[in-house]
Amino acid sequence: MSKNDPLSLLREFTIAKREPTLVDASGATVQELTDATSVVFDDGTKQFKFARATPTNYRRGASDEFYTLETLLFLLQRSTQSVAEYSLEGAQKMIPTVSILDKRLVLDYLQGATAHSANIVYQTESHKRTGDDVVDSNQDAGAKKPKTTTHSAPGNDSEVLSLINTKERLAKTTASVLRGSKSFANIQKNGSEILMGKGKDDKGLKKPDPRQPGAAPAAASSTAARPGASSSTAARPSANPSQSRPKTTNKVPIIIVPAAVTSMITMYNVKQLLEGQEFVDSADIRNKGESKPNRLQITRRMKPNETQKVKYEVIDNTDILRPEDWDRVVCVFTTGAEWQFKKFKWQKPVELFAQVKGFYAKWADEQPKETIKTWNVEILSLNRHRRHADRAVVTEFWDKLQGWCLANKPFLTC
């Protein structure tokens, strides 16, 4: 083996399609990474043993942290899994995982697709991490290889590395370029003020008194002040309905689910799914004798560490909506049947899903209906038997809905 640091050894074994040995505290070989306390690299002539949590030379993004040996080994063992499955299994086994931004880069380096990485911090020989036990078969049994210390001498590697370090420039990584010094926390507030007609241009403007003779409407006077402006320009409505001032002061967004009992998501189970992050069959709830609620309130946290919660109203009967309440509708779950929108403000799917965010729930092993393929809706695929995978689907739903609300209805508390 050419090098004795855990990152290089793991890369050599991966390229050679060899597996390191996992051992527990008693020295016995185990199969599961969670049962092991150490990782042994043995090529027949030398043996290197590292603690499972030994830090490697691979840095996590642009931070000062380094991935541990168990994190990289777990990534190689689960390289074919999806991001959601990989992250979920890592959390269940309490093994730190590689970030999504670094995952492809780390796999390419360990599997030999790339020879270098900007996130690897190379060290001199005297500072390299070595194994706890290093044994050479050519030496006496049980003899450990002494650590070597590099002396600065003309023409040696240390002098070359020192010269390289003086001319180094910090390379930008995928994670570091996404970091900036500017804060965009006030963008939503400023955008909301502009859309609601509370921009800075309104300050200091004196509105004419309509009771005085000769007073003209503000829209007409502003149009007349511009040379070449026509009356059709002044009367032209806003192209984006979300930019008009809402008619209601209530800012709680509304979600509409199908009223059909054959729908996967109904008033019976929508709260358990969107708030409890677990799918429960509506038929099972009905069989228990529980009555269907007419209106539900769902709460969620914007971020896991925040205490403040955001409220949503859920209904399946649009008859209870007032005309101004349609400004608060942000999401509609559909079964793929157009008759579902018969009592909606927008009855055609093309018009409806241009005004609200549409979602269609199905089983992962089923194909969506043909009508869904032509509608502007997001497809949520639920697994029939793996309920622990529901959390990832619900997280995807909230991320997409929140992004749509910020872009289209920022005056609501989404």
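## First stop: a surface valine

Select V160, which counts as partly exposed because its relative accessibility is 44%, a value in between the limits of under 20% for buried and over 50% for exposed. The model you are looking at is predicted, and in it V160 has its place in helix 5, made of residues 157-166.

Next, clear the selection and pick helix 4, which covers residues 100-110 and whose buried residues are D102, K103, V106, L107, D108, Y109 and L110. Which elements do the buried residues of helix 4 pack against? Show helix 1 (6-15), helix 2 (69-77) and helix 3 (83-92) along with strand 5 (55-59) and strand 6 (66-68), for these are the packing partners of those buried residues.

Finally, zoom out to the whole protein chain, whose secondary structure comes to 12 helices and 13 strands. Of its 414 residues, 36% are buried, while the accessible surface of the chain comes to about 25,600 Å², with 51% of that area belonging to carbon and sulfur atoms. If you draw the contacts with a separation of 6 or more, residues 24 or more positions apart account for 57% of them.

Definitions and conventions: Residues are numbered from 1 along each chain as its sequence is written. This is a predicted model: local features need pLDDT of at least 70, side-chain atom pairs count only at pLDDT 80 or more; totals for chains, interfaces and linings use all residues. Side-chain values use heavy atoms; hydrogens and water are left out. Buried means under 20% relative accessible area, exposed over 50%, partly exposed in between (1.4 Å probe, protein chains only). Helices (H or I, at least four residues) and strands (E, at least two) are DSSP runs, numbered from the N terminus. Contact means heavy atoms within 4.5 Å. Accessible areas come from the Shrake-Rupley method with a 1.4 Å probe; for residues, only the protein chains shown count as cover.
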